[in-house]
Amino acid sequence: MTQHPQDRPWWRDAAVYQVYVRSFASSGSRGGGPGVGDLPGITSRLPHLRDLGVDAVWITPFYTSPQHDHGYDVADYLDVDRLFGSLEDADTLLATAHDLGLKVIVDLVPNHTSEEHAWFRAALASPPGSPERARYLFREGRGPDGSEPPNNWQSVFGGAAWTRVPDGQWYLHLFDSTQPDLDWRHPEVGDMFESVLRFWLDRGADGFRVDVAHGLLKEESLPDQERVLPPPGPDSPPTSMVERTQVDEPMWDQPEVHDVYRRWHRVLADHDGDRMTVAEAWTRTPESMARYVRPDEMQQAFNFAWLLAPWSADAFAEVITGTFEALEPVGAGPTWVLSNHDVVRHVTRYGGGTQGLARARAATLTMLGLPGSSYLYQGEELGLEQVDVAPEDRQDPSWFRTGEVGRDGCRVPVPWSGDAPPYGFGPGNAQPWIPQPADWVSLTVEAQTGVEGSTLEFYRAALAARRELAPVDSVAVRVEGDVLLVDRGDVTIALNCGSDDVPLPAGRVLVTSGPVDGVLPGDTAVWLGR
Ligand code: NOJ
């Protein structure tokens, strides 16, 4: 049954724009200087997001952090890193966003802290077996002298998931060695995160994106993993983070993790205004994703199957159908995402250049037409491609641990204006923390604004048309040749994944991803009204 818009929580159909803090915009006046994005920089650019037509903004971690993983290594969950500003700057950002009609989703990092968190410092300063160590996963090593890691788990960023401390014990880190995993079976851990949630909810956060939501609880005996990916090396193919975290083993997706989200559900329910959580859970199936969004758990989970699907009408149809089938029994709405700060930008994934951009726009238009919530990543509205970042400029911890290229190429600062780097990213000519390409002149917000056919104007048109769609909770999907057809209410979405023109399906053209002149060209999508 279709609900009326006023009965639906805001997040159910929201278009959410992801801001990667250090790469969005710099005021130049905070600790990072003009080359590092900051909170006042974001606040000053919120009108761009309102004009783009999104409903909410998700901001990657801005807490106090030594920045080994750009903020996903938190030293203090209740303060803002001086690089990015202050708590007052966060309050101003929240108030300004709300004045503009935008919701704000804060990024929560509960699986691990930074090695500089007070708890981990205390753990290192305390002996094996002490209460201070019990909040993390310290264990004795294997082998006669304990010099082998306690089990065979590999870090998502490469290498062993264990690091040895001077007294001989080892601690677990599913990511970088600077990101020790918490022991979520310790009661103080859950209590601490409840107070973190309440702190940001009281400051006005509308929701939380939950980092590594499927990893908090490990199988209690920490058994060896049966299937281990081959270690990366010069002769092995690059293994993306996506593939690594898809390994479904004792560290991921344990049943007890759901108790955490039941508790958080109750905490959010104490606050007015439809607060929400969205899980970053790289689970293996739509059914395991659906477990995170049961009625008493989280509100949303990222649907990474959409992002992982190859360019094929059948593959897209399968993801859409599988998603709705898995979510229907739990009554949750779907989410859709094509790009974020961990994956290769979708223009590049679809082949780059003119064809990659055409496909990216077509996939985006298809996504924006689907019922549910769509997550957009900063810069995709400009058609940015993955950047080939020079080795000396790379900062991703996975690059240092494995020698693989890493994720820096999708994190290059946004070009706003002007004809040379820093393209208005910050005041003056100071260069950003990672270089921008010299050929982004025609991709700036300024260069694309008001230009018919530009990717920015396409996103604005698509998001405006999306606001006119009547909310629905289901779709009918079919494939005809290379064409995906999705009926949603009185609108049909058609996506031609082939290279040949096909006749334009009947209907009134509402919005298109590229030129449509009586036919639906290859790599093009259209919304048709009946
Ligand atoms: C997922 C985040 O999206 C990624 O950027 C981060 O490196 C890991 N979790 C570890 O926190």
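This is a predicted model: local features need pLDDT of at least 70, side-chain atom pairs count only at pLDDT 80 or more; totals for chains, interfaces and linings use all residues.
Is D253 buried or exposed? At 14% relative accessibility, D253 counts as buried.

## Domain organisation

The domain assignment divides the protein into domain 1 (10-110 + 187-217 + 255-466), domain 2 (112-181) and domain 3 (475-529). Between domain 2 and domain 3, the C-alpha centres are 53 Å apart.

## Ligand site

For D342, a polar side-chain atom is found 2.4 Å from an oxygen atom of the ligand. In the side chain of D211, an N or O atom lies 2.7 Å from a ligand oxygen atom, and for R407 the corresponding distance is 3.0 Å. On its own the ligand has 300 Å² of accessible area, and the protein covers 100% of it.

An open sheet is built from 3 strands in the order 6-8-7, with antiparallel pairing. Strand 6 (138-139) and strand 7 (162-164) are its edge strands, each pairing on one side only. Strands of a sheet pair through backbone hydrogen bonds, either parallel or antiparallel.

Strand 7 is joined to strand 8 (residues 170-172) by 3 bridges in the antiparallel sense. Within this part of the sheet, T163 faces Y171 of strand 8.

Strand 14 (residues 476-480) pairs with strand 15 (residues 483-488) over 5 bridges, in the antiparallel sense. Opposite R478 stands L485 in strand 15, and opposite V479 stands L484 in strand 15. The two strands form a hairpin with 2 residues between them, and G481 in the turn has a positive phi of about 65°.

Strand 15 also pairs with strand 16 (residues 491-496), to which it runs antiparallel and is joined by 6 bridges. Here V486 is opposite I493 in strand 16. The hairpin of strand 15 and strand 16 has 2 residues between the strands, and G489 takes a positive phi near 55°. Strand 15 is mostly covered, since 5 of its 6 residues are buried.

## Backbone geometry

Most residues other than glycine have a negative phi, and most peptide bonds are trans. Against this background, two residues and one peptide bond deserve mention. L222, which is not a glycine, has a positive phi of about 50°. The location of L222 is the loop between strand 9 (207-210) and helix 5 (241-245). With a relative accessible area of 8%, L222 is buried; the cut-off for this class is under 20%.

D253, the residue of the opening question, likewise has a positive phi, near 55°, without being a glycine. The loop that holds D253 runs between helix 5 and helix 6 (257-269). D253 counts as buried because its relative accessibility is 14%, under the 20% limit.

The peptide bond between P421 and P422 is cis, with omega about 10°. P422 belongs to the loop between helix 12 (397-402) and helix 13 (445-448).

## Buried polar side chains

Q300 is part of strand 11 (residues 300-301). Its relative accessibility is 1%, so Q300 counts as buried. The side chain of Q300 has a polar atom 2.9 Å from the backbone oxygen of W11.

H346 lies in helix 10 (residues 346-349). At a relative accessibility of 2%, H346 also counts as buried. Between H346 and G356 the C-alpha to C-alpha distance is 7.8 Å, with a separation of 10 residues in sequence.

Terms used:
Residues are numbered from 1 along each chain as its sequence is written. Side-chain values use heavy atoms; hydrogens and water are left out. A polar contact is a pair of N or O atoms within 3.5 Å; within protein, one must be able to donate a hydrogen and the other to accept it, and residues adjacent in sequence count only if both atoms are side-chain atoms. Accessible areas come from the Shrake-Rupley method with a 1.4 Å probe; for residues, only the protein chains shown count as cover. Two strands pair if DSSP finds at least two bridges between them. Helices (H or I, at least four residues) and strands (E, at least two) are DSSP runs, numbered from the N terminus. Buried means under 20% relative accessible area, exposed over 50%, partly exposed in between (1.4 Å probe, protein chains only). Domain bounds come from an automatic or database domain assignment.
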